[in-house]
Amino acid sequence: MKTSTLDPKALRQAFGTYVTGVTVVTTVDADGQPRGLTANSFTSVSLDPALVMFCIDHKAASYPVFQNCKGFVVNVLTEAQKDVSNLFASKATDKFDHVETRPGVTGAPIIDDALSWFDCTLHDQVEAGDHLILIGEVKDFASRQATPLGYGGGNYITFGLEQTAVKAGNNTQFGCVLGHENKVLLIRDEESNGWTIPLVQAEPGQSEVLSRLPGLLKQIGAEAEISFLYSVYETLDHKTHIVYRGQLTQPELSGSKTTARLFTADELPWDQLCFPQLNAMLRRYFRDCVNDRFGIYTEALGEGSVAMLEGRPEAWGEHKQKINL
């Protein structure tokens, strides 16, 4: 029974602004068969006794199994295990056929190559609204050195790119593709007189490169919220571009249209873009916005791949339209 008057969609989005790690929680059912689900509602509770907890929705397919389990393993994922996260977030019935596991002391599966894992007996259960909180007492655990998989705002988050760029120095640029309704922001490149996305250069030893983008946007009369990684590619001059996506927070630019403009797909000067990778990325961006489905694209000199994610920028609203790309 719903008792809150709060907007559930808006509340979910607000909860999503809190960046978390990503885990796969596993157990075994009454027949000894492995079960598991992706969860970011995990936290440590106590050191003495050693307690951790996670929450499971009453509507989850594996809810009855976890409700009656005697123990579970929390597998914290690495950045290289996005596919594992997606697998256990799906409704696939053969999840454990696609990952290597071994049984923990409780019998629940430990996923190979996890960043860390905590094998727990059930300590307590607490009903909390539409979720069940399971508190486990850690009986065994392990961890290793690797980059964690992050999650926030409905997307995966890649850690460490900025630090890598600082070491690379002049060979790396940070940028953002910014949307508003059915348009994207481009700025005029002074050297080539072509159009490009907002970009800032990484300098050797200079940290927090991405934080300089708002200053660049202010110069052209734009304000934006920059969110998550969208594309990483290498241009023919061997420069690496690390591109985030985001949303303009105002409908009009206060600067000159000769230096910065908002373009629809039909208006955009495709033949005046500064480099071919930008052309391909923007075409993909317009398609992603229409299809409500985004991905992180990586390319090195023509060979690339896309890891798909769900969700679209809220600022696109209901502006779905047929775009010939």
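This is a predicted model: local features need pLDDT of at least 70, side-chain atom pairs count only at pLDDT 80 or more; totals for chains, interfaces and linings use all residues.
Strand E2 (residues 23-28) and strand E3 (residues 34-39) run antiparallel and are joined by 6 bridges. Within the pair, Val25 stands opposite Leu37 of E3. The two strands form a hairpin, with 5 residues between them. In the turn of this hairpin lies Gly32, whose phi is positive, at about 80°.

Strand E2 has a further partner. With strand E6 (residues 71-76), E2 pairs in the antiparallel sense, here over 4 bridges. Thr23 has Val76 in E6 as its bridge partner.

Strand E4 covers residues 42-46 and strand E5 covers residues 51-57; the two run antiparallel and are joined by 4 bridges. Ser46 finds its bridge partner in Leu51 of E5.

A parallel pairing can be seen between strand E13 (residues 172-180) and strand E18, with 8 bridges joining them. Here Thr172 stands opposite Thr240 of E18. Strand E18, made up of residues 240-248, is mostly covered, with 7 of its 9 residues buried.

Turning to charged side chains, the structure holds 4 salt bridges. One of them links Lys59 to Asp57, with an N to O distance of 3.5 Å. The surroundings of these two residues can be read from their accessibility. Lys59 has a relative accessibility of 68% and therefore counts as exposed, whereas Asp57, with a relative accessible area of 21%, is partly exposed. Asp57 also falls within the span of strand E5, residues 51-57.

Another salt bridge is formed by Glu137 and Lys139, whose closest N and O atoms are 3.6 Å apart. Glu137 has a relative accessible area of 24%, so this residue is partly exposed. Lys139 is likewise partly exposed, its relative accessible area being 48%.

A salt bridge between Asp288 and Arg284 likewise has its closest N and O atoms 3.6 Å apart. Both residues belong to helix H6 (residues 276-291), where 4 residues, or about one turn of the helix, separate them. Asp288 and Arg284 are both buried.

Leu11 sits in helix H1, which spans residues 8-15. Its relative accessibility is 31%, so Leu11 counts as partly exposed. Patch membership requires over 30% relative accessible area, a cut-off that the 31% of Leu11 passes.

Methods:
Residues are numbered from 1 along each chain as its sequence is written. Side-chain values use heavy atoms; hydrogens and water are left out. Buried means under 20% relative accessible area, exposed over 50%, partly exposed in between (1.4 Å probe, protein chains only). Two strands pair if DSSP finds at least two bridges between them.
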